[in-house]
Amino acid sequence: MRNNKNITYYVKYLGKYDVGLDIEVSSQEDFRKILEEIRSLFGEYIINYDFVRIINEMKITYGFPSH
């Protein structure tokens, strides 16, 4: 996971899911290729997976507006 520049975040969970990944790609095809690579490396450990597609992420700025 560390060697893939598209995987920006990795976390281990307690509960329903064991791990979570943030994958940033420019196309659906790139995402599919990364999933295939992960399945080829870890397929024997993967029972199921879910994904959420985020198209746009808003930046949150805290504090008071400057005048």
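The largest pocket holds about 1700 Å³ of space. A pocket here is an open set of points, on a 1 Å grid over the protein atoms alone, where a 1.4 Å probe fits, with protein on both sides within 12 Å along at least five of seven lines; lining residues have an atom within 4 Å of a point. The volume is the space filled by probe spheres set on the points, which are joined across faces, edges and corners. There are 38 lining residues, and Leu21, Ile23, Phe31, Asp50 and Phe51 are the closest to the centre.

Please note that this is a predicted model, in which local features need pLDDT of at least 70 and side-chain atom pairs pLDDT 80 or more, while totals for chains, interfaces and linings use all residues. Residues are numbered from 1 along each chain, and side-chain values use heavy atoms, without hydrogens and water.

Which element gives the largest share of the lining? That is α1, with seven residues; helices are DSSP runs of H or I of at least four residues, and strands runs of E of at least two, numbered from the N terminus.

Aspartate 18 lies in the loop between β1 and β2. This residue is exposed, at 59% relative accessible area (exposed means over 50%, buried under 20%, partly exposed in between, with a 1.4 Å probe and protein chains only).

Asparagine 4, in the segment before β1, is buried, at 15%. Beyond neighbours within four places in sequence, asparagine 4 contacts Ile34 and Glu37 (heavy atoms within 4.5 Å).
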